[in-house]
Amino acid sequence: YVRSRVHTGSCFVPISEIIAVEETEFNKKQRNIGRWHKMAKLHAFTVYYVKKARNHRWRCSDVTFWCVDEHLCNQWIQALKELLEMQKSRPKQLLVYINPYGGKRQGKRIYEQKVAPLFSLASISTDVVITEHANHAKDNLFEVNIYKYDGVVCVGGDGMFSEVMHGLIGRMQKDSGIDQNNPKASLVQCNIRIGIIPAGSTDCICYSTVGISDPVTSALHIIVGDCQPLDVSSVHHNNTFLKYSVSLLGYGFYGDILKDSEKKRWMGPMRYDYSGFKTFLSHHYYEGTIAYQPAKHTHGSPRDKESCRTGCYICKKSEKQLAEQHKECGLKHEEGEEEWKVIKGKFLAINAVNMSCACPRSPKGLSPAAHLADGSADLILVRKCSRFDFLRYLVRHTNQDDQFDFPFVDVYRVKCFQFTSKLSEDNESNVMDIGKKRFGQFCRDHPACCCNIVNSTWNCDGETLDSSAIEVRVHCQLMKLFARGIEENCKDEVAYSRSGVEQLL
């Protein structure tokens, strides 16, 4: 810890939250303060550190120390720099991808004005790539020497993060000889951390792992070397790899919203509101079969009040128990022994989330008690109900009430599941055998409109998947972020006035 006296108060800063230490040129005007004006020459250094404010916001603050003994001043500078060098989790070289088109097209400006100066202050060297087209970052990660970097930073929205994540995980599996098309393959953990500088429309992943969508806060988490493990779900169709998901995998309501909004990109972020209202009015339901394996290794449940926070004990216990199970009986044997539970029905929405999916509009998210790194997903089934009841369910996402407290809503904590739409299932004898064809579905609720709608689209972290039959498996802590989870009781700290402040060694 570094301690400084500021007027009548004291400021204690842990070494882990010091950003940089620099020698400071002493201003002659500052010398004429109180007792210091009689001294011939003063020596000073400035400590830049993380200052925490409300709503999980971080800022870079600084405090200057001075004295007349040059040797003592240099000793302090050297000692503090040596302590910073001992922080081995801190990155020294980063690969940065900037999406200049995402969100409000502010990614490049945000990085250059708010993030790059902080990286420079912390002596972090960067290689910056401005993406020019879809999958630019993903393709580039298969070509560059990623092992010379301490982390990869993506500047953009959730789509940009997904692209970087697919590139990193895919590269790791390729280098390790793992076949991603095998849904039962044990994937190799990605130890290269990903940093998210939010510059998108929703930035759900950043909000759910840091507690706020703020570029400066995220940059400071990267600088101090925070590390948050994250579960990743793999999505397969007919033994073919489709996508990875870390937040929302939604069929029905959220899939239909995404599908409709993709046709209205010219509207910008407003397209989600328009498509959401339109989808709510259409009130389509979809028939199908869900088969899932319960996550018996977890220590929590979707209905409890144990939210995932920094140093979450549920994630740590679940990881340990899952590792012991795999060590004792092996992954394949374990899956063969455990029973699959099957549910058939008519659903307005089928959602699987690896995290709370919180955002400013829904501060508690789709599943408030979902955990970031416990090796499970929360499977939420919203059965066919009236528009009014469905509206009541949607409104619950914006308040503190229990959003699962409805007779038409079921939620399960699972480690894997499969879904087959009704019409695909009719053409396949077994739900475990994923269908190969896609069929239309007659809209039974609206016979007058004569609408022959297709199967819903899967919303996979904001990207569309057209497969009506998929197999999903959760991989415990497959990747790591430059984050520390959401901290408890993050309150305002004392605001110190910088004018007329005397700092003493």
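Tyr-251 and Phe-419 are both buried. This is a predicted model.

The structure holds 15 aromatic pairs. A pair of aromatic rings is described by the distance of the centres and the angle of the planes.

| Pair | Centre distance | Plane angle | Class |
|---|---|---|---|
| Tyr-251 and Tyr-286 | 5.6 Å | 65 degrees | edge-to-face |
| Tyr-251 and Phe-419 | 4.7 Å | 50 degrees | tilted |

The classes follow from the plane angles: over 60 degrees counts as edge-to-face, under 30 as stacked, and the rest as tilted. At 65 degrees, the Tyr-251 and Tyr-286 pair is therefore edge-to-face. At 50 degrees, the Tyr-251 and Phe-419 pair is therefore tilted.

Where do these residues sit? Tyr-251 belongs to strand 12 (residues 248–252) and Tyr-286 to strand 13 (residues 286–294), so their pair ties together parts 35 residues apart in sequence. Phe-419 lies in strand 16 (residues 409–421), so its pair with Tyr-251 links parts 168 residues apart in sequence. Tyr-286 is buried, as is Tyr-251.

**An aromatic cluster.** Seven names make up one cluster: Phe-253, Tyr-254, Phe-280, Phe-390, Tyr-393, Phe-406 and Phe-408.

**Helix 9 against helix 12.** Two packed helices are described by the angle between their axes and the distance between the axes. For helix 9 (residues 270–282) and helix 12 (residues 387–395), the axes come within 10 Å and cross at roughly 145 degrees. By class, the contact has five nonpolar residues, one polar and one charged.

Which order do the strands take? Three strands form an open sheet, ordered 3-4-5, with antiparallel pairing. Strand 3 (18–24) and strand 5 (58–67) are the edges. Each has a single partner strand, so one side of each is left without a neighbour in the sheet. From one strand to the next, the twist averages 20 degrees.

Strand 4 (residues 43–52) is joined to strand 5 by 10 bridges, and the two run antiparallel.

Helix 7 (residues 215–223) lies across strand 3, strand 4 and strand 5. Helix 7 runs at about 60 degrees to strand 5.

Technical notes: Residues are numbered from 1 along each chain as its sequence is written. This is a predicted model: local features need pLDDT of at least 70, side-chain atom pairs count only at pLDDT 80 or more; totals for chains, interfaces and linings use all residues. Side-chain values use heavy atoms; hydrogens and water are left out. Two strands pair if DSSP finds at least two bridges between them. Helices (H or I, at least four residues) and strands (E, at least two) are DSSP runs, numbered from the N terminus. Axes are lines fitted to C-alpha atoms, for helices over the stretch in contact, and angles run from 0 to 180 degrees between N-to-C directions. Contact means heavy atoms within 4.5 Å. Ala, Val, Leu, Ile, Met, Phe, Trp, Tyr, Cys and Pro count as nonpolar, Asp, Glu, Lys and Arg as charged, and the others, Gly among them, as polar. Rings of Phe, Tyr and Trp (its six-membered ring) pair if their centres lie within 6.5 Å; planes under 30 degrees apart count as stacked, over 60 as edge-to-face and the rest as tilted. Buried means under 20% relative accessible area, exposed over 50%, partly exposed in between (1.4 Å probe, protein chains only).
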